[in-house]
Amino acid sequence: ALLDERAKFGATEVARLGRKALDRSAGVKSPEAVEHTITYGALYDERGKLLWNAPTFSGAPDLASVDGWHGGRPSATCFDLAYGGDQLRAIIKEIDAPETEPQSRYLLMAVSRHEIDKDARQLKDIGILVLVASIGVSLFLGWLIGKRMTRGVEAMASAAHRVTEGDLEVRIDAGVVRDTDVAALAVAFRQMLERLRGLIEHERRFASNAAHELRSPLTALRGELELALRRPRTAPEYEQTLNRVLDDANTLIALSEDLLVFARASVVRAGDKAGTVRLDDVVNGAVAASVVRGERPSSIVVDLGDCTNLEVEGDRSELVRVLRNLIDNAIAHTPEGGEVRVFARRLSMDRDSVRLEVEDDGAGVPVEVRERIFEPFVRGDAERERSGAGLGLAIAREVARRYGGEVALGSAVSPTRFVMRLVVSTSPSTPS
């Protein structure tokens, strides 16, 4: 392409200047890169006979002996030409002759293949050098960027490995994941780790407290049995011992049931769907269970108002147990001759739920346990003399939350009030 452009330029110059253009061809400026190579030029008539040649091309051959001259017409492409022991790259162009010269003339323009090949080799070497350098730089930059991007992932992987080995105090340096795409993942990982530490600590406390609560009745049970075996006893004495052992066994059974209910209530399985149950059915079942189970009679007043026929979401047996726990707690703290009041109401700002309130005339909740009253095994000093393990309120809150509700302390002073919020069902009633 470069030689073709040079030949066109030379043909134009010959048409304008005549043979002078051939005399100056070695120094004529070219618009392309071949301007610094030796140019060979010759002028021919329409039969291919040599008319003139440039000083650099003395002894130029006739076109009849040139491969680029086909049947008296020039080839449109470049061709190789041997000249004086050198190989040339040549092309033939027809010169636009004026009307006063009816004969056509042709210009042969050639350059040394040695110069062209040399330039081509230099360009090839430069291209290879640039390619190798660019590949090396690209690989280095890719490694550097990849190292920077994966630094945070590697830190998190190392931290996760340490967590699997039991190290819950591992920390992820904020500077390692700063300004990377894993910064959000690192924040989520830290939050998950904090949550995991809290859950494990909670489980440890729960296991410790459960073991402590189980140890007391088991120790009493063992003491009764050892005492009964120390010497022969009469039948009434054995009967008295067996009754005490039975009481301890019942205490263990009740505690085991409470622990099992609390463990189940704390786990919400994917796909679990709550049924629906009438509110008055829940209240009546809880009141009946408390009256039968109560150690001393108490007056229980129930007022559901216009909420009697409401249907709430949840399992009937679990909701009855929750409300019974609240009523039992109220009965235990109600003085002789007092009453426990159970009533329901719907707030105008929250028509999707109903509030069940259990109120008693007791002394109120001790200040030291008000903030922790819904934690497992938390009891006031006076309550430690009772048989309960402090799981009733914890179970009530967990079960209520499982069905989208809540249990809270409405009033810590007399009259003491606990509030249970339940979700009102909008679907047809289904068996629970």
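Two strands pair if DSSP finds at least two bridges between them. Helices (H or I, at least four residues) and strands (E, at least two) are DSSP runs, numbered from the N terminus. The model is predicted: local features need pLDDT of at least 70, side-chain atom pairs count only at pLDDT 80 or more, and totals for chains, interfaces and linings use all residues. Residues are numbered from 1 along each chain as its sequence is written, and side-chain values use heavy atoms, with hydrogens and water left out.

**View 1**
6 bridges join β11 to strand β12 (residues 350-360), and the two run antiparallel. They form a hairpin, with 2 residues between β11 and β12. R341 has E359 in β12 as its bridge partner. Strand β9 (residues 299-303) also meets strand β11 (residues 339-347). Here 5 bridges join the strands, which run parallel. V302 has its bridge partner, V342, in β11. Strands of a sheet pair through backbone hydrogen bonds, either parallel or antiparallel.

A salt bridge is a side-chain nitrogen of Lys or Arg within 4 Å of a carboxyl oxygen of Asp or Glu. By this rule the structure has 18 salt bridges. In one of them, the side chains of R417 and E359 meet at 2.9 Å, N to O. This pair links distant parts of the chain: R417 is in strand β14 (residues 416-423), E359 is in strand β12, and they are 58 residues apart. Buried means under 20% relative accessible area, exposed over 50%, and partly exposed in between (1.4 Å probe, protein chains only). R417 counts as partly exposed because its relative accessibility is 22%. E359, at 9%, counts as buried. Both residues belong to a network of salt bridges that links E339, R341, R345, R355, E357, E359, D361 and R417.

**View 1. An open sheet has five strands.**
The 5 strands stand in the order β2-β1-β7-β6-β5, and the pairing is antiparallel. β2 (50-53) and β5 (79-83) are at the edges. Each has a single partner strand, so one side of each is left without a neighbour in the sheet. The twist averages 35 degrees from one strand to the next. Axes are lines fitted to C-alpha atoms, for helices over the stretch in contact, and angles run from 0 to 180 degrees between N-to-C directions. D80 stands opposite R89 in β6.

**View 2. A nonpolar patch includes W143.**
V137, F140, L141, W143, L144 and I145 form this surface patch. Together they have about 620 Å² of accessible area. Accessible areas come from the Shrake-Rupley method with a 1.4 Å probe; for residues, only the protein chains shown count as cover. Patches are made of residues with over 30% relative accessible area and no salt bridge: like charges are joined within 9 Å, nonpolar side chains (Val, Leu, Ile, Met, Phe, Trp, Tyr) within 5 Å. W143 is in helix α3 (residues 113-164). It counts as exposed, at 52% relative accessibility.

**View 3. Two further salt bridges.**
R324 and D328 form a salt bridge, with the closest N and O atoms 3.5 Å apart. Both lie in helix α7 (residues 316-333), 4 residues apart, about one turn of the helix. An α-helix has 3.6 residues a turn, so residues three or four places apart point the same way. R324 and D328 are both buried. In another pair, the side chains of R47 and D45 meet at 3.5 Å, N to O. R47 is exposed, with a relative accessible area of 57%. D45 is buried, at 9%.

α8 is mostly covered, with 8 of its 11 residues buried. Among them are L393, I395 and V399. P376 lies in the loop between β12 and α8 (392-402). P376 counts as buried, at 13% relative accessibility. P376 and L393 are 17 residues apart in sequence and 7.9 Å apart in space, C-alpha to C-alpha. G404 follows α8, and its phi is positive, near 85 degrees.

A disulfide is a pair of cysteine sulfur atoms within 2.5 Å. The structure holds 0 disulfides. C78 is partly exposed, with a relative accessible area of 24%. C307 is buried, at 0%.
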